[in-house]
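The exercises below concern one protein chain. Work through each task with the structure open, then compare with the solution.

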Amino acid sequence: MSPFEYSAALKAGDAVRGTTSPNPPVGCALYDAAGSLIATGATSPAGGPHAEVNALAAAGERARGSTAVVTLEPCNHTGRTGPCALALADAGVDTVIYLTADPNPVAAGGAQYLRSRGVTVRYEPQRVEALQPWLRSVRHGRPSVTVKFAASVDGFTAAVDGTSQWITGPAARGHVHEDRCLRDAVIVGTGTVVADNPSLTARWPDGIERERQPRRVVVGTRTVPEGNLSRLGFEQYATPEGALDALWESGARDVLVEGGATLTTSFFRLGAVDRVQAYVAPLLLGDGRGVLTGALAESLPDAPRFELTGVTVLGNDVLIEMETTCSQD
């Protein structure tokens with residue numbers, strides 16, 4: 001275990017989630033020989049400096065002889081910015097500790113380059129939450145997809161008469177708005193747009209929109225009133241595949257599906273669901289509208305399996321978070 005803290009680098013990366021795509025939200029922390037924190041940096045929006053360069057700029061001459069803790073292996077290629085591995089070596093950093101190996105073959109190799117320059121390099125594997133969507137997107141060659149729904153404890157998203165507002169309480173709804181501003185896009189189906197005319201904005205508890213807003217995307221061939229699309233800035237695609245392809249090409253790496261049962265089922269059957277957020281209310285309906293429109297498997301062994309990653313109590317509701325198992329990735 002390293003004597004240096006991971007928390008400062010992790011916190012720096014967390015702070016820029018939702019602002020860096022197609023680049024990953026990386027955090028970097030520089031420490032002096034005594035283990036005292038010198039400076040931190042995080043990835044700027046696309047086209048701007050990466051985390052290491054921002055940390056080095058904040059540290060100035062104090063970076064010489066320091067130890068850098070970076071949440072992702074420093075890149076070793078020139079894109080819109082120069083290689084971070086080169087910047088660290090040129091600044092005289094003595095040791096680099098990275099927590100995640102870079103899966104991108106174009107950018108990988110930073111550790112090897114640093115060693116060739118005489119820098120001590122240590123790989124200390126840690127799960128970095130802020131990087132998980134980006135890592136999955138690189139692995140699959142499409143945006144990481146999270147499906148979100150709110151349901152009664154017996155699995156219904158609306159009552160028999162179609163009413164669904166509000167199944168969950170204010171704390172859960174507030175969490176949804178916090179989560180939206182971390183995403184590159186929010187996706188709904190044409191049925192949802194026609195029936196509910198949703199804004200899908202990320203708002204503060206007083207209703208004021210947050211500074212950071214996700215792109216809004218609608219999927220389906222059903223005609224949607226032009227006013228609904230243009231007023232709210234929706235982009236429309238005929239299929240989930242078309243939406244994911246276009247979002248990937250435009251730089252999106254982390255998207256949230258908030259559609260109804262039809263769209264949710266389509267993403268599951270496409271095999272494109274990486275994570276699930278289930279907001280569960282202590283409410284029993286017995287009948288009504290379900291989360292899905294049909295079976296995903298005929299028997300338990302064939303059903304898509306997920307790993308539980310978090311359970312959070314939000315007022316009187318519970319958020320259950322899970323992701324696909326490694327065997328399915």
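This is a predicted model: local features need pLDDT of at least 70, side-chain atom pairs count only at pLDDT 80 or more; totals for chains, interfaces and linings use all residues.

**Exercise 1: salt bridges**

Task: state how many salt bridges a search of the whole structure finds, and examine the partners of Arg127 and Asp90.

Solution. 
- Step 1. The search of the whole structure gives 14 salt bridges.
- Step 2. Arg127 pairs with Glu323 in a salt bridge, with 2.9 Å between the closest N and O atoms. The cut-off for a salt bridge is 4 Å, so a pair at 2.9 Å qualifies.
- Step 3. Asp90 forms a salt bridge with Arg117, and the closest N and O atoms of this pair are 2.9 Å apart.
- Step 4. Asp90 belongs to helix α3 (residues 84-90), while Arg117 is in the loop between α4 (110-116) and β5 (120-123); the pair therefore ties together parts 27 residues apart in sequence.

**Exercise 2: a helix pair**

Task: determine at what angle the axes of helix α9 and helix α10 cross, and which residues make the contact.

Solution. 
- Step 1. Helix α9 covers residues 240-249 and helix α10 covers residues 261-270; their axes come within 10 Å and cross at roughly 75°.
- Step 2. Angles of 65 to 115 degrees count as roughly perpendicular, and α9 and α10 are therefore roughly perpendicular to each other.
- Step 3. From α9, Pro240, Glu241 and Leu244 make the contact, and from α10, Leu263, Ser266, Phe267 and Leu270.
- Step 4. Sorted by class, this contact of α9 with α10 has five nonpolar residues, one polar and one charged.

**Exercise 3: a peptide bond**

Task: is the peptide bond from Ser21 to Pro22 cis or trans?

Solution. 
- Step 1. Omega is near 10° for the bond from Ser21 to Pro22, and the bond is cis.
- Step 2. Most peptide bonds are trans.
- Step 3. Pro22 is located in the loop between α1 (7-14) and β1 (27-31).

Terms used:
Residues are numbered from 1 along each chain as its sequence is written. Side-chain values use heavy atoms; hydrogens and water are left out. Axes are lines fitted to C-alpha atoms, for helices over the stretch in contact, and angles run from 0 to 180 degrees between N-to-C directions. Helices (H or I, at least four residues) and strands (E, at least two) are DSSP runs, numbered from the N terminus. Angles under 35 degrees count as roughly parallel, over 145 as roughly antiparallel, 65 to 115 as roughly perpendicular and the rest as oblique. Contact means heavy atoms within 4.5 Å. Ala, Val, Leu, Ile, Met, Phe, Trp, Tyr, Cys and Pro count as nonpolar, Asp, Glu, Lys and Arg as charged, and the others, Gly among them, as polar. A salt bridge is a side-chain nitrogen of Lys or Arg within 4 Å of a carboxyl oxygen of Asp or Glu.
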